[in-house]
Amino acid sequence: MLQTTHSPMNFAGPFADMRRMQNAMNQIFDGARLPTQSWTYPPVNLWAAEDGIVITTELAGLTEQDIELPVEDKVLTIRGTYPAPQSGDEIVWHRHERVDGAFSRSVELPFRVNPDLINARFGNGVLTVEMQRPEDAKPKRVQIKSS
Amino acid sequence: MAQVITTQDAHGVATNNGDANRSAMAFTPTVDIFERDGTTVILADMPSVAPEDVDVTLEHRTLTLHGKVKPYAPEGYRALTSEYRIGDYIRNFTLSDEIDQAKINATFKNGVLRLELPRSPEAQPKKISVKTG
């Protein structure tokens, strides 16, 4: 049953509806987090500073040996293979939601990075890759002389 | 065989943005559940959670998995793109009486929680021998 309360002394204004709508939208997108629903896997978060980039991605269940990180010019690729799920006749499956199989994702970086100065760590199912801009690609400061 | 475990749907989140009681978000971890040799195994993905921040509680027949996430942001950097969000993980399961609750085993490795729930001996299938008359 629809109930409407009219309370002229408590006027919320036209923005109340907008806020409600925003909340509803946020709730919809909160649920859309399963990696299987995404076309690009794995999703990454990227941070940048003047001369460095940090990329993180969640790869629960992998070990550092399962991940490859080739870098070419401005593109970092994250490749890996999840271990095959348990199999056998004696196993009865109830639910299988976790990701398996192989994946490959290439991320274009905001600038070229030095392939010798890449620091990659893997802990608690999260891969963190730190990259540095090579010396010759750093923006140069031009000295202006007074005439 | 009786249904051992009932779960909530994976596509929801435990706590939403609109919930005024909590400002942080919580996510439902994806799980695998299978049974082998009378033991039910639950694997739950909880990346970004440190082993000491995982809580598994059993109250009556409700098993709750809770993983607390410490937010991460590299110092001196600004966020350029965020394709995934981080937050705590919460998921509940209802266990049947057939689980031997004293023998539940939990391990946490590489962001994955592994729970082993053995069936209690009384619940193991019994074989009744039929004698010839």
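These legends describe close-up views of aromatic side chains in a predicted model. Local features need pLDDT of at least 70 and side-chain atom pairs count only at pLDDT 80 or more, while totals for chains, interfaces and linings use all residues. Residues are numbered from 1 along each chain as its sequence is written, chains are lettered from A and ligands numbered from 1 in the order in which they are written, and side-chain values use heavy atoms, with hydrogens and water left out.

**View 1. The pair Tyr41(A) and Tyr82(A).** Rings of Phe, Tyr and Trp (its six-membered ring) pair if their centres lie within 6.5 Å, with planes under 30 degrees apart called stacked, over 60 edge-to-face and the rest tilted; the count by this rule is five aromatic pairs over all chains. The ring centres of Tyr41(A) and Tyr82(A) are 6.5 Å apart and the planes stand at 50°, so the pair is tilted. Tyr41(A) lies in the loop between helix H1 (15–31) and strand S1 (44–48) of chain A and Tyr82(A) in strand S5 (residues 75–82), so the pair ties together parts 41 residues apart in sequence. Helices (H or I, at least four residues) and strands (E, at least two) are DSSP runs, numbered from the N terminus.

**View 2. The pair Tyr82(A) and Phe103(A).** Tyr82(A) is buried, at 8% relative accessible area (buried means under 20%, exposed over 50%, partly exposed in between; 1.4 Å probe, protein chains only). With ring centres 5.7 Å apart and planes at 45°, Tyr82(A) and Phe103(A) form a tilted pair. Tyr41(A), Tyr82(A) and Phe103(A) make up one aromatic cluster.
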